[in-house]
Each structure stands twice: as structure tokens, then as C-alpha cells.
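Reader: I have a new structure to learn from. Can we go through the terms step by step?

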Amino acid sequence: MKAPHHLLAAALAAASLSSFGAAPADAPVRVARWKGDAKGAVSLYYDDGTGSSFHNALPSLVRRGLPGTFYLCGGWFGGEDDPNLQRWGKAAKEHPGVVFLGDHTWAHGGVTNAAQFAEEIARNGALLRRLAGLPEDEPLSFALPGAVRWDVTREEQAKVLADHHEVLRHPFEPNIAGPKDGNNPTFSMRTAADAAKAFDRAEKEGRWESLIFHGIGGDWIAFDLAEHEAMLDDLGARVKAGRLWVGSAIDVHRYAAARDALRLTTVEVSEDGLDFRVEGDPGQQLGVTAPRPTLVCSVPADWTRARVRSELFTFGSKELADRARKGFEVPVSDGRLVFDLPLGWVGVSIRKAE
Ligand SMILES: [Zn+2]
């Protein structure tokens with residue numbers, strides 16, 4: 001099963017913003033650029049597993065249901081039973097889809113060759129998956145440790161990451177958080193208003209913006225706690241209004257990979273509704289926790305609800321088959337219908353719900 005994962009890793013690494021956008025906005029059906037057909041995507045990164053990010057950022061994210069990725073170095077703890085390490089695994093298990101653990105290498109000490117890099121992430125990645133209760137090949141987001149020696153070529157790095165089911169995280173510049181009263185130009189994001197500029201860019205340009213933090217109200221390179229709260233309130237409001245999708249680092253990568261691989265074919269618009277086929281869905285190859293792609297359909301403006309169902313699917317279980325045939329209802333607003341494509345559906349049928 002190695003080869004498909006290499007292909008998958010290549011797809012994950014190559015998922016880009018450029019290949020999107022073949023279908024016009026008024027097409028009968030299109031794959032949404034971002035989950036829920038949000039205008040833009042945002043990811044929040046918390047590096048180094050700081051105690052302040054655990055106490056000050058994690059509960060705030062959980063309370064609002066906004067995902068964040070916490071990049072840990074296993075070697076910084078006193079063994080796997082260390083309660084300061086165990087608490088991260090407990091949080092990830094208790095809040096799936098919100099608390100994500102990311103690989104920041106075992107020791108954060110840099111590497112002098114590709115073999116050492118492979119050792120670092122094999123050990124750290126296995127630990128993080130165990131802590132979070134994930135399968136051993138579930139993709140993880142990887143963050144390069146800063147300010148250390150890194151003697152690995154880009155090609156070597158890409159191969160090691162692919163071999164270990166890890167994906168280099170999306171760049172975060174210029175969204176690098178630092179102290180409110182600081183004057184280091186590297187850490188130029190100091191307030192909620194600074195972060196809002198990144199959110200505005202994501203919305204206006206359809207971009208994926210990533211923000212990086214270390215300490216939150218404590219530890220090192222600390223972002224102000226009140227500003228962090230204000231930032232999450234702003235972000236939560238934008239999510240609620242359907243303007244932004246906040247996804248973990250690995251989920252936005254996986255969403256983009258699935259989106260770019262999907263092809264919607266034999267689209268038939270009739271008096272009754274809309275029918276089409278789905279090809280190229282990577283499904284669970286992207287991991288058991290991968291987000292499903294969002295589809296957006298144009299239907300007659302007088303529809304208020306629609307039934308979405310399938311007669312053509314890849315699973316054999318009677319229960320799943322019955323569920324696909326029965327389908328589900330979706331509200332329609334101004335002739336626009338938005339839903340997440342269920343796993344295994346190859347044909348989709350949209351009809352007005354009576
Ligand atoms: Zn770091």
C-alpha cells in the first residue's frame with residue numbers, strides 16, 4: 001500500500017490555488033473552492049506546544065469550534081507518560097476536528113542529512129498519532145523548526161515527508177504574531193486588527209491565509225491574550241456569516257487536493273432537476289478524518305428545499321446503500337444549493353423537495 005500513498009502525498013503537496021476554477025459561478029454544479037462555499041480559508045498555527053497556548057488558546061478555540069494546529073516536539077517532554085504531553089493527546093481525542101497535533105520534529109534541533117530528518121519525523125509522527133488516536137498512516141501537517149541548521153534539499157525533504165504521510169504546512173508570511181508592544185519587524189502581527197487584514201485578504205481574494213503564533217499571553221514571542229480573544233471573535237463572526245472557512249493545516253491541504261482531483265461529468269439539467277457523475281474522488285485515501293468536498297448547485301429560483309440522493313455508489317453495505325437512495329434534504333436560497341458530497345457517491349441526483 002506504499003505506492004498509492006506516495007501518489008496521494010504528491011497530490012497533497014501539489015494541491016494549489018491555481019488549478020481551481022474551471023467551472024463558472026453559474027454552472028449547474030461546481031466544486032466549491034473552499035468548504036461550505038466560503039470565500040476564503042484561514043488556518044491557525046500554534047508552534048512549540050507552549051503551556052500558554054494550551055491554557056489560553058486551546059479552550060478559546062474549543063469554545064468557538066474553530067480548529068487550530070498545535071505543533072509539538074516529542075523530545076521536549078519527559079517521556080510519553082509526561083502529563084504535559086498526555087494533555088495534548090487527551091485534548092485532540094476529546095475535540096476531533098478542532099484540536100489537531102502537528103509535527104515540529106522530535107527535537108527542534110535541526111538536521112544534517114535526510115536520514116536524520118526521516119528519523120526525527122518517524123519518531124515524532126508516530127508519537128503524535130498515538131496520542132491523538134489516529135491510524136499510523138493518517139496524514140499530519142509538518143512545520144519546519146525555525147532558527148536551526150537544516151541540511152536537507154527540497155527534493156529530499158519532499159520525499160521524506162511523502163514517505164511518512166506528512167505535508168509541509170502552508171506558508172504564513174506576513175502573518176507572524178508577536179508582542180503587542182514589540183518592535184521586531186519579523187513579528188509584525190501584534191493585534192486583532194492586524195490579523196483582520198489577513199482575514200480581509202482571504203475573503204476578497206479567495207485566498208488561504210495562515211497565521212502563526214507561539215505563546216499566547218505568556219511564554220515566548222507572546223501574542224496578547226485579549227487581542228487573541230478579539231481575533232477569534234472576529235473570525236467566528238466571519239465563519240458564522242459563511243464568509244470564511246477555518247480549517248486545520250492538514251484539512252485545508254486535503255480539501256484542496258480533493259477539490260482539484262474531482263471531476264463532475266455527464267451533467268444533465270432537466271425539468272425535474274439535475275443529475276451528474278462524480279469522478280476522481282480520492283475519498284479515504286486522504287485519511288479517515290479528511291473533510292468531504294462541498295458541491296454548489298444552481299437550481300430554479302422558486303425552490304426552497306431540495307432532495308439530494310444517489311443511485312450510483314461504490315459501497316456494498318445495504319445500510320449505506322439505503323441511506324444513499326433515500327438521500328437528504330437541503331435548503332435552497334436564491335436558487336443556490338450547497339452540500340458536502342457523501343463518501344462513495346458516484347452519481348448524484350437533485351430534485352425539488354415537496
Ligand atoms: Zn518552533
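Author: Start with the words helix and strand: a helix is a DSSP run of at least four residues, and a strand is one of at least two. In this predicted model, the chain has 9 helices and 15 strands.

Reader: What makes the chain as compact as a globular protein of that length?

Author: Compare two values. The globule rule gives 20 Å for 354 residues. The radius of gyration of the chain is 21 Å, close to that value, so the chain counts as compact as a globular protein of that length. Along the principal axes, the C-alpha atoms fill a box of roughly 65 × 45 × 35 Å.

Reader: How is the chain divided into domains?

Author: Domain 1 takes residues 1-31 + 262-354, and domain 2 takes 39-254. Their centres, over C-alpha atoms, are separated by 30 Å.

Reader: Why are H6 and H7 called roughly parallel?

Author: Helix H6 covers residues 192-205 and helix H7 covers residues 225-240. They pack at an angle of about 25°. The cut-off for roughly parallel is under 35 degrees. H6 and H7 are therefore roughly parallel to each other. Their axes are 9 Å apart, and the crossing is right-handed.

Reader: Which residues of H6 and H7 meet?

Author: From H6 come Ala192, Ala195, Ala196, Phe199, Asp200 and Glu203. From H7 come Glu227, Ala230, Met231, Asp234, Leu235 and Arg238.

Reader: What classes of residue make up the contact of H6 with H7?

Author: The contact has 7 nonpolar and 5 charged residues, and no polar ones. Ala, Met, Phe and Leu count as nonpolar, while Asp, Glu and Arg count as charged.

Methods. Residues numbered from 1 in each chain as written. Predicted model: local features only at pLDDT ≥ 70, side-chain atom pairs only at ≥ 80, totals over all residues. Heavy atoms only, no water. Axes fitted to C-alpha atoms, helices over the stretch in contact; angles between N-to-C directions. Parallel < 35°, antiparallel > 145°, perpendicular 65-115°, else oblique. Left-handed = near helix turned anticlockwise from the far one by under 90°. Contact = heavy atoms within 4.5 Å. Domains from an automatic or database assignment. Rg over C-alpha atoms; globule rule 2.2 N^0.38 Å.
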